[in-house]
Amino acid sequence: MSTTEHSDFIDSDTGKLGMWLFLFTELFLFGGLFIVYAVMRSKYSADFHHAALELNAFIGATNTVVLLVSSMTVAMSLTAIQRKQSNRAMGLIFITLILAGVFMVNKYFEWGHKIGLHLYPGSDVMKTLPHGEIMFFGLYFMMTGLHALHVIIGGILLTIVMFKIKSGRINQEHYLLHENGALYWHLVDLIWIFLFPLLYLIT
Amino acid sequence: MNDSSTAVPLNFLNHKTGLWSWLSSTDHKRIGLLYLYSITVFFCVAAVLGLLMKIEKFAPGQTIMTAQTYNGMFTIHGIIMIFIVVIPGLAAVFGNILLPIMIGAKDVAFPKLNLFSWYVYITGAFLGLYSQFAHGHVPDTGWTFYVPYSAEATSNVVIALTAAFVLGFASILTGLNFIVTIHRMRAPGMTWFRMPLFPWSLYATAWIQILATPIIGITLLMVIAERTFQIGFFDPKLGGDPVLYQHLFWIYSHPAVYVMILPAMGVVSEIFPTFSQKPIFGYGAIVFSSLAIAFVGYLVWGHHMYTSGMSYQARWAFSLLTFLVAVPSAIKVFNWLSTMYGGSVDLKPPLLYAISFIFLFSIGGFTGLTLGSLATDIQVHNTEFIVAHFHYIIFGGMGFGFFAAIHYWYPKIYGRMYSNRWAYIAWGILFTGFNILYFPMFIMGIQGMPRRYFDYDPKFTLGQEISSIGAFILIIGLIAMISNLVYHRRKGAIAPANPWHGVTLEWQIPSPPPHENFDEVPVITHDPYVFDHPYTK
């Protein structure tokens, strides 16, 4: 058979450069929301102050810690694979996935609570609120929703990495996908580190 | 297969056959051709919509369609032309086919991702078509999706927005692939400043693609959220800000104009030295003006919004920046003309298209300055003057750049020659039709003919008629050009490896290129445009 693919092998530096560029585009994606947040915050600072008190800073802080720890475990798993400790690497990714799950469960209760209070876009209660508060909750759902979507994508990516470690396709020599998965996971963490103070802490 | 005297040598077109070998190919040249064929189909669809609009405008009042149909037509004409044809256009077609060859690589950095982006592209393109035929009304917001109308219109706006979002994703992946390719895959000795100018223009373009497209992505998502979940980012009733939408939209969509035009500038930068048999004049100036356009092009979006409610300070700042961005474009034009000066100019079809590119692009550029000036912009804002300016830049610039590219690299890609005679005839019809179609719009625009109207004041009848006749001529020219290229794909004379005596790498390999591009990795020892090198016969 003649060569059908030009090259299946992508060297590590090339692969990582591609991932870094992709992460930049992700930052710009969220950047658009940050711009809207900044504009609206300056326009409706009093309403934003009032609406932000509605958020539970304790859950937010918990989730911040959860994500920070998960970033650590994913970094540790990469070190483990570099040291040829496949089982340890898989275990650490598994812990990362558990932490991602904890984050999502917390998020679920948080969103559920807001929706229970009819604080969701288009609800009857929302229509009675001042413009700035409507905007705050709209941004809250959009920003945390888009972030949660990234948590899910990152989780899927890390699950794939875990199975590839199991099958030996990710190993001490070839761990580009693992590294890129970890980079993506750090991005998820990084964005949350900006979302948390903007939404929960600045009141 | 033993009869080697008649067997055609294996190349990327014939080394494997069958539809699936194309749809599953990770070969950059085949992916480029997939883009070429899909773009051509969509271009023809949108061109026909354009023709129908011009027929509607042949006489005042309703002639062949209602106002609502007309609104849908200019919207979908815009969406197809901008997002499906022009933005991917040169980069996805000729960038894919030629970028790796011109820098001496076997393929792009991520071949599978490259194929994946074509699938993303085609998904977006079909979503765009689906918005036409899905249950409900054809989108009627214009390709700009301005809120609050796009948030309230009852037509299939969400599908069209999703299509634009998906197409943006394909654009990002292509850009990302090219940047990494240029950084990592250059052949030994191919230093940054030995790289030909088409790859340089793709490099500048790719940065705009990955840095600007996410902004439109999130903006379109916000409009989708606004329509689906009643989150009022841009709806004043819910505290939103419609002008904020315009800012976010143009932060992408102005740089997107440079995504369209920069690769066309790269193409003609290849054509002028080849057909003058003379090194390009001011290589460095062209490189840096590309980068300057990419950079300054980011900062001029406000000139679309002079009448939308911006402070006076913001308006003059944007006006000043707009004038600044004209400087690097002008530098390029001077360099191209100087390249021809004193060279042995051979007016083959590619050069003819390249010269028309300069002519039309200059008209578009100068009228762009009219629009960049505060006082005159307010006079002609939202008139057909804008339509004319825009088409001189996009069709006259990018479109003619694309035609120049296909006539330049056609023998390389297919290993066949088209008929020069028919290429000249088609060019003549096309160029004439183009100017008859769009030039009257400048005049009518200044006289106050608004754009996006299906009807007009009877005093514009003559101008509109001339313009509509131009549309027919233009379509005939397009048919002639495409027929010439399609017919000679199989019937044309066999093309030599280097029919134009070019000196860049793609001319040093057989036509069509072999599957792996180079038998052995080329080593580059000199600048890209050195003529009378042993390579040239």
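This is a predicted model: local features need pLDDT of at least 70, side-chain atom pairs count only at pLDDT 80 or more; totals for chains, interfaces and linings use all residues.

Biologist: Fine, what does the secondary structure of chain B come to?

Modeller: Chain B has 16 helices and zero strands.

Biologist: And how does its radius of gyration sit against a compact globule?

Modeller: A compact globule of 537 residues would have a radius of gyration near 24 Å, and chain B agrees with that because its value is 23 Å. Along the principal axes, the C-alpha atoms fill a box of roughly 70 × 45 × 45 Å.

Biologist: What share of chain B is buried, and what about the contacts?

Modeller: Buried residues are 63% of the 537 in chain B, and of the contacts with a separation of 6 or more, 81% are between residues 24 or more positions apart. The accessible surface of chain B is about 19400 Å², with 70% of that belonging to carbon and sulfur atoms.

Biologist: How far apart are the mean positions of the charges?

Modeller: They are 7 Å apart, taking the 26 positive and 22 negative charges of chain B.

Biologist: Let's zoom in on B:Thr213; is it buried or exposed?

Modeller: B:Thr213, which is found in helix H8 (residues 197-229), counts as buried because its relative accessible area is 2%, under the 20% cut-off.

Biologist: What does its side chain reach, and which residues does B:Thr213 touch?

Modeller: The side chain of B:Thr213 reaches the backbone oxygen of B:Gln209 at 2.3 Å. Leaving aside residues up to four places away in sequence, B:Thr213 touches B:Gly168, B:Ser171, B:Ile172, B:Ile208 and B:Tyr252.

Biologist: Now the backbone: where are there cis peptide bonds?

Modeller: One runs from B:Val147 to B:Pro148, with omega near 0 degrees, and B:Pro148 is placed in the loop between helix H5 (111-133) and helix H6 (149-152). Another joins B:Ser511 and B:Pro512 with omega about -15 degrees, and B:Pro512 is found in the segment after helix H16 (461-491). For context, most peptide bonds are trans, and most residues other than glycine have a negative phi.

Biologist: Which non-glycine residues have a positive phi, then?

Modeller: Among them are B:Gln230, with phi of about 55 degrees, and B:Asn382, with phi near 60 degrees. B:Gln230 is in the loop between H8 and helix H9 (242-276), while B:Asn382 lies in the loop between helix H13 (374-380) and helix H14 (384-414).

Biologist: And how accessible are B:Gln230 and B:Asn382?

Modeller: B:Gln230 is partly exposed, with a relative accessible area of 41%, and B:Asn382 counts as partly exposed at 40%.

Conventions
Residues are numbered from 1 along each chain as its sequence is written. Chains are lettered from A and ligands numbered from 1 in the order in which they are written. Side-chain values use heavy atoms; hydrogens and water are left out. Helices (H or I, at least four residues) and strands (E, at least two) are DSSP runs, numbered from the N terminus. Buried means under 20% relative accessible area, exposed over 50%, partly exposed in between (1.4 Å probe, protein chains only). A polar contact is a pair of N or O atoms within 3.5 Å; within protein, one must be able to donate a hydrogen and the other to accept it, and residues adjacent in sequence count only if both atoms are side-chain atoms. Contact means heavy atoms within 4.5 Å. The radius of gyration is taken over C-alpha atoms; the globule rule is 2.2 Å times the number of residues to the power 0.38. Accessible areas come from the Shrake-Rupley method with a 1.4 Å probe; for residues, only the protein chains shown count as cover. Lys and Arg count as positive and Asp and Glu as negative; His and the chain ends are not counted. The place of a charge is taken as NZ of Lys, CZ of Arg, CG of Asp or CD of Glu.
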